Amino acid sequence: MSILKIILIGILCLAPEKDGWVRINGDNYISFSFPSRGERFKKEVNNMRSWIFQTKNITCVFGAVCTQLTKEKGVLDEYTINQLYISMKKESVSMPTAKLTGEKRIPDVDMDIREISYTIMKDEEEMTYFKRFIFRDNCMYQLTIGGKTEDLEELESQRDKFFNSVKFDQNTRK
């Protein structure tokens, strides 16, 4: 029995260290990684249900919102996606100190992905936020990460890890 314990301890010591991030299974077939389990709660506005996930670590705050836009399964048209994106972008930078610093579209075959970056002043410190909007089937997903602009290098590293962790259950495609 003690030999088995020694072997297991040896395997654990030689195994690569995990980064500590946790896979979160969200609603509407999305999953992503957070640096910790975080909080999850439901919100309903105008008969649209959203699941909100949020957490933080030493340098960053993280958020994910999964919203089912229609009850019927289907793909949103380009006009509707554009209108939703414009509205959500405007809402994101609605604070008086907010400044849009970047905007791009991420090419993807299965979904429409757009990303913005912006800064705001909070408690006399400049904060930078990255927000990714994903439109897939009848759902909209918003992924946000933010932190102090002075920690931009770490913030960008965490952003890449967070945004690149997003996966969808491929069995849900029509």
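Tutor: Two strands pair if DSSP finds at least two bridges between them, and both strands (E, at least two residues) and helices (H or I, at least four) are DSSP runs, numbered from the N terminus. This is a predicted model, in which local features need pLDDT of at least 70 and side-chain atom pairs count only at pLDDT 80 or more, while totals for chains, interfaces and linings use all residues. Residues are numbered from 1 along each chain as its sequence is written, and side-chain values use heavy atoms, with hydrogens and water left out.

Let us begin with the sheet. It is an open sheet of seven strands, paired antiparallel in the order β3-β4-β5-β9-β8-β7-β6, and β3 and β6 (99-106) are its edge strands, each pairing on one side only. From one strand to the next the twist averages 15°, where angles run from 0 to 180 degrees between the N-to-C directions of axes fitted to C-alpha atoms, for helices over the stretch in contact.

Follow the pairing from β4 onwards. The antiparallel strands β4 and β5 are joined by seven bridges, and together they form a hairpin with three residues between them; I52 has V65 in β5 as its bridge partner. On the next step, nine bridges join β5 to β9, again antiparallel, with V61 standing opposite G146 in β9. Ten bridges then join β9 to β8, also antiparallel, and here M127 stands opposite K148 in β9.

Helix α3 (residues 152-164) packs on the sheet, where it touches β5, β7, β8 and β9, and its direction makes about 160° with that of β9; contact means heavy atoms within 4.5 Å. Helix α2 lies across β6, β7 (112-122), β8 and β9, running at about 10° to β7.

Now for the pocket itself: on a 1 Å grid, it is an open set of points where a 1.4 Å probe fits, with protein on both sides within 12 Å along at least five of seven lines, and a lining residue has an atom within 4 Å of a point. The largest pocket holds about 810 Å³ of space, a volume being the space filled by probe spheres set on the points. Its lining has 26 residues, and V65, M88, E91, K131 and Q142 lie nearest the centre. Two or more lining residues come from each of β3 (39-45), β4 (48-56), β5 (60-68), α2 (78-92), β8 (125-136) and β9 (139-148). Of these, β5 gives the most, with six residues.

By class, the lining of the largest pocket divides into 14 nonpolar, eight polar and four charged residues; Ala, Val, Leu, Ile, Met, Phe, Trp, Tyr, Cys and Pro count as nonpolar, Asp, Glu, Lys and Arg as charged, and the others, Gly among them, as polar.

How far can the chain be trusted? The mean pLDDT is 86, and 86% of the residues reach 70 or more, on the predictor's confidence scale from 0 to 100. Over residues 1-17, however, the pLDDT is below 50, and beyond near neighbours in sequence this stretch has zero contacts in the model. Where pLDDT is low, the predicted coordinates should not be read in detail.
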